[in-house]
Amino acid sequence: MRSHLTTLLAAVFLCACTGGAIAFVGGGHFVGLEAAGSASCEQYRPGNGFGDTNHCHTGPPGQTGEHPPVVVPPASHFKAAKASASVSRRGSARVHCPFACHIVLRGRHGHHRVHAKVTLHANGTATVRLSKRALKQLGRGPALLVVEVNGKVISKRTLRLA
């Protein structure tokens, strides 16, 4: 019986002393189980500051914890600037490329086909023209003009050739 009483008194003493030590080091108020002034809140900065409100998650130095950091999407989500073109009634096209590109102007009327090519080596604007001879090869009537940049169709126009 005496050993049980000794064990009980030792357990009560340890609990009382540990609780007093936590209250003394903690500086007054508790946030969950961690004291606001303890080393777990002052020295160590777990998380990003936007998680569990019961603990001191302040994140890396310089972060205030008020707003989440701005997330920049990866480069794969950015849309590349596109080329633009305008086709005239006289068989020419004015093409603007924000990058180096290969431009092809194709003309088609029935089974007749003609084309003109231009290469831009940097950002810029180029004019691609079908020659008078090429326009004569297409013949009279409606002809389809198609502008391609790097193999992709970016503009079409139907012309009435005389």
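Okay, ground rules before we look around. This is a predicted model, where local features need pLDDT of at least 70 and side-chain atom pairs count only at pLDDT 80 or more, while totals for chains, interfaces and linings use all residues. Residues are numbered from 1 along each chain as its sequence is written, and side-chain values use heavy atoms, with hydrogens and water left out.

So, the overall layout. We've got three helices and nine strands in the protein chain. Those are DSSP runs numbered from the N terminus: H or I with at least four residues for helices, E with at least two for strands. Reading from the N terminus, the order goes α-β-β-α-β-β-β-β-β-α-β-β. The chain has 162 residues, and 23% of them are buried. By buried I mean under 20% relative accessible area; exposed is over 50%, and partly exposed is in between, with a 1.4 Å probe and protein chains only. The accessible surface comes to about 12100 Å², with 59% of that belonging to carbon and sulfur atoms. That's Shrake-Rupley with a 1.4 Å probe, and for residues only the protein chains shown count as cover.

Now the core. The largest nonpolar core has 23 residues, and V95, C97, I103, L105, L130, V147 and V149 have the most contacts inside it. A nonpolar core here is a set of buried Ala, Val, Leu, Ile, Met, Phe, Trp, Tyr and Cys residues joined through side-chain atoms within 4.5 Å. Which element gives the largest share of this core? Strand 8, with four residues.

Take I103 from that list. Skipping neighbours within four places in sequence, I103 has contacts (heavy atoms within 4.5 Å) with, among them, V95, C97, L120, V128, V147 and E148.

Strand 7 runs antiparallel to strand 4, with six bridges joining the two; for strands to pair, DSSP has to find at least two bridges between them. If you want a landmark, R94 stands opposite T127 in strand 7.

How many salt bridges does a search of the whole structure find? One. The cut-off is a side-chain nitrogen of Lys or Arg within 4 Å of a carboxyl oxygen of Asp or Glu. The bridge is between the side chains of R106 and E148, at 3.2 Å, N to O. R106 lies in strand 5 (residues 101–109) and E148 in strand 8, so the pair ties together parts that are 42 residues apart in sequence.

N150 is in the loop between strand 8 and strand 9. N150 has a positive phi of about 55°, although it isn't a glycine. Its relative accessible area is 41%, so N150 counts as partly exposed.
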